[in-house]
Amino acid sequence: MTLPTRQQLEVDQLGPAIYPSPLRGHERCLDDHDRVLVSDSSLELSAALDRGAIPSFERAGPRETLFFEPARTRCAIVTCGGLCPGENDVIRAIVLTLTHSYGVHQILGIRYGYAGLNPSPPEPPIELTLERVENLHGQGGSLLASSRGPQQVSAMVDSLDRQRIDVLFAIGGDGTLRGAAALADEIRRRALPIAVVGVPKTIDNDLQWIDRSFGFSTAVEEARRAITAAHIEAKGVWNGVGLLELMGRHSGFIAAHASLSNPHVNFCLVPELPFPIEGECGLLWALERRLEARHHAVLVVAEGAAAEHRQPGQVRTDASGNLRPGGVGSFLRDHIERYFHARGQDVNVKYIDPSYLIRSCPANATDAELCLRLGQHAVHAAMAGRTRMLVASWHGQFTHVPIALATAQGRQVHAKGPLWQSVLESTGQHMCLLGQRPGRDGAR
C-alpha cells in the first residue's frame, strides 16, 4: 500500500475559526495538531521517517473555536445512491448534534438526492426538527429518499446559495462524494462560505482509508442468515445447489466476510479474482466434484463477479453508470444447469438474491453506534469550517479524510491478503479450483 503524501492528507478549511464553541473547555475539544497515523506498520513508519515525514490524518472531534456562528447557521442534509442500513441513524445524529451541541435550529432535508437541489426539485426540502427525527433511528431506508445520476453542479450551487445554506452534509458513496467535491470546487470558485462535508455510505465497504463504512456490518449479518437458508435449501434435495448473490459491484468484502461468518459456504466468488467457469479445474468441474462427494453445495457470489465471462449486454448499469445489482446469479445458474443437463445428471439450483431485503434493513447495533458517531463528527468538522472532506474511522479512531483521497481508488480484496487466504481455507475452494478433489474442508 502506497502511503499518501502530506499534501494529499491536507483538509480544506473555509477560513479562520473565530467564534467560541458552545463546547469550549470540554475535555473532548481537540487541538488542530492532534493527528492519527496513517499506518500502523513499524516498517512503513520507519520508511516514512527516513523520508522526513510520517503521514497522518487530522483527528475528528469538536474544536474550541468555530468558523460558523451557530445561531445564524443554516444546514442541509442530502442522501444519494442506493439504500443502505443506517442512513436514518446518520440523519438523526446530525440533527441532534447540531441542535443540542451547537444550538443550530435551521436544518433542511433535501428530498430525492442531488435532484432535490435542481431548480425544479421533485419535492421541496423539509424542515428537520427534533420531533421529526425523534423515532427515526431503527427505521430502514432514508427519510429524505434518494436518486441516482449526475446533476448540473452550477444549478445545485445556485440552489444552496438561494436557500442560504451554510453547510451541506452529503451522505453517499463514491459517486455522491465526487459530486460533493465538485460542489465544493464550484463553491470555492465563487468564493462562497459554504462547507461540504461527506458521510461515506458504501454498503460494499470499498472506500480507501476507511476501516468500515456504516451498513456493512448489517449487510454481513443479514447475508449470514441468507447463507443458512441457501444451505438448508441445498440439503433439502438431491444434488442441491444453493446459489446466493450478494452486493459487491467492484469489491467482494460482503461476500468474503459473510462466507467467513457462515462456514456452510463451499465457493466464494468475488469481482477482484477472475476464475474459470468451463474446463477442467473450472468452477463447473469443481462443483461437480463437490456434488459427487456430498450431493449439495453452497455458492456465494458478489454481483460484480464473473464480469470477464459476460457479454457487454449482460452487464446492466444504473443512471450513474454503476453495475446494477443482479445478473451474475442467473448467469451462473444457467451455466450450472446446462452443464449438468449435458451430462445427464440431476441438479437442483436454488438461486437467492436478498440484496434489496438487506439494503432496506434497519442498522444493527454495531452500525447504529457507528452512524451516531459519524454524524456527530461530521457536525464538529463542519462547524469548524472543514470542507471537501469526509469523516471516517481509521485504526479505531475517527478522522478527517479529503474526498479526493478517499475516492481516488476503490478498496478491494487482495488475492494474497489475509482476508482472502482465510476464505480459501474456510471454503476449501483453493483445492477444488487447483484440480484436486475436495478434502475434509471442501467436502463439508
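Which residue forms a salt bridge with Asp185? That would be Arg188, with the closest N and O atoms 3.7 Å apart. Keep in mind that this is a predicted model, where local features need pLDDT of at least 70, side-chain atom pairs count only at pLDDT 80 or more, and totals for chains, interfaces and linings use all residues. Residues are numbered from 1 along each chain as its sequence is written, and side-chain values use heavy atoms, with hydrogens and water left out.

View A. Arg188 and Asp185 both sit in helix α6, 3 residues apart, or about one turn of the helix. Helices here are DSSP runs of H or I with at least four residues, strands are E runs of at least two, and both are numbered from the N terminus. A salt bridge puts a side-chain nitrogen of Lys or Arg within 4 Å of a carboxyl oxygen of Asp or Glu. Asp12, Asp185, Arg188 and Arg388 are linked in a salt-bridge network.

**View B. Arg190 meets Asp158.** Here the salt bridge is 2.6 Å, N to O. The pair links distant parts of the chain: Arg190 is in the loop between α6 and β10, while Asp158 is in helix α5, 32 residues apart.

**View C. Asp34 and Arg59.** The closest N and O atoms of this salt bridge are 3.0 Å apart. Asp34 lies in the loop between β2 (19-20) and β3 (35-37) and Arg59 in strand β4, so the pair ties together parts that are 25 residues apart in sequence.
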